[in-house]
Each structure stands twice: as C-alpha cells, then as structure tokens.
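Subject: Structure for your review

Hello,

Please find the structure below. My notes on it follow, with the cut-offs given where each term comes up.

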Amino acid sequence: MSSDPAPAADITVDGAGLLCVTLLLKLRSRIEGAEPGTVVHVVATDPAAPLDLPAWCHMTGHHYLGPVPGGDVPAYALRLTGTPQPTRPDAPWHSAEPSR
C-alpha cells in the first residue's frame, strides 16, 4: 500500500452505521457485475472496518487500497479483481469453497 491518495471512486457503498457483516453483504451486492479494475469507496463507521475490509479483500482477491483521506466519515478504497474468490451467500466472511 502506498501513501498516494486513493483513486476516485467508480462506486461508493455507504455502510455508515452498519456492522461489518451487514456492510460486507451490501458491498458484495453493490459490486456484483462490476468490471475488473473498478475502484470502490466503502464508507464504514464500524470500528472493525479497518481490519475487516483488508481481510475480506485478501480472502476474495480484491485489492485493498487503504483509507480515503479527507472525508467527514471514514472511507476505505479497494480495486476489484477480475477473478474474485466467491464467498457464501449468507456469510460473506467465509469462502464458498468447500473445506477439505
């Protein structure tokens, strides 16, 4: 992750007031069908978001770009991959791949 400013958002997901579980469900729904390389800004007030969003990106293959500076509420940037790893429909923090 660099100290460069976050790129402008192609999609903004407003998750203010949501816990990360609900935020991830909303995020996954909003990015469905988006093109690879799309930059997403996620507004998140959950104190766990700075940990959960990078972990979710790592699990799915999306690229976590870091905090978006200068806003009134915390926001985080990510860039979508073309080949994301699927997560369970009801549990976006779990891989959809069966355990072996």
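**Notes on the model**

Arg88 has a relative accessibility of 36%, so it counts as partly exposed (buried is under 20% relative accessible area, exposed over 50%, partly exposed in between, with a 1.4 Å probe and protein chains only). The model is predicted: local features need pLDDT of at least 70, side-chain atom pairs count only at pLDDT 80 or more, and totals for chains, interfaces and linings use all residues. Residues are numbered from 1 along each chain as its sequence is written, and side-chain values use heavy atoms, with hydrogens and water left out.

**Charged residues**

The side chain of Arg88 forms a salt bridge with that of Asp90, at 3.5 Å from N to O. The term requires a side-chain nitrogen of Lys or Arg within 4 Å of a carboxyl oxygen of Asp or Glu. By this rule the count is one salt bridge. Asp90 is exposed because its relative accessibility is 53%.

Asp46 is buried and has no salt bridge; Lys26, the nearest side chain of opposite charge, is 13 Å away. For charge, Lys and Arg count as positive and Asp and Glu as negative, while His and the chain ends are not counted. Asp46 sits in the loop between strand 2 (39-44) and helix 2. Helices (H or I, at least four residues) and strands (E, at least two) are DSSP runs, numbered from the N terminus. A polar atom of the Asp46 side chain lies 2.8 Å from the backbone nitrogen of Ala48. Apart from neighbours within four places in sequence, Asp46 is in contact (heavy atoms within 4.5 Å) with Leu18, Leu19 and Cys20.

Helix 2 covers residues 49-60 and includes Cys57. Cys57 has 1% relative accessibility and therefore counts as buried. With neighbours within four places in sequence set aside, the contacts of Cys57 are His62, His63, Tyr64 and Leu78. Ser95 is 38 residues from Cys57 along the chain, and their C-alpha atoms are 12 Å apart.

Thr60 also belongs to helix 2. At 2% relative accessibility, Thr60 is classed as buried. Not counting residues up to four places away in sequence, Thr60 touches Thr81, Thr83, Pro84, Gln85 and Thr87.

Gly61 is in the loop between helix 2 and strand 3 (63-67). Its relative accessible area is 29%, so Gly61 is partly exposed.

**Largest pocket**

The largest pocket holds about 210 Å³ of space. On a 1 Å grid over the protein atoms alone, a pocket is an open set of points where a 1.4 Å probe fits, with protein on both sides within 12 Å along at least five of seven lines; lining residues have an atom within 4 Å of a point. Its volume is the space filled by probe spheres set on the points, which are joined across faces, edges and corners. The lining comprises 14 residues, and the closest to the pocket centre are Arg28, Ile31, Glu32, His62 and Pro84. Helix 1 (20-31) and helix 2 are the elements that give two or more residues to this lining.

**After strand 6**

Glu97 lies in the segment following strand 6 (91-95). Its relative accessibility of 44% makes Glu97 partly exposed. Glu97 touches Gln85 and Pro86, leaving out residues up to four places away in sequence. Thr87 is ten residues from Glu97 in sequence and 7.6 Å away in space, C-alpha to C-alpha.

Regards

Technical notes
A polar contact is a pair of N or O atoms within 3.5 Å; within protein, one must be able to donate a hydrogen and the other to accept it, and residues adjacent in sequence count only if both atoms are side-chain atoms.
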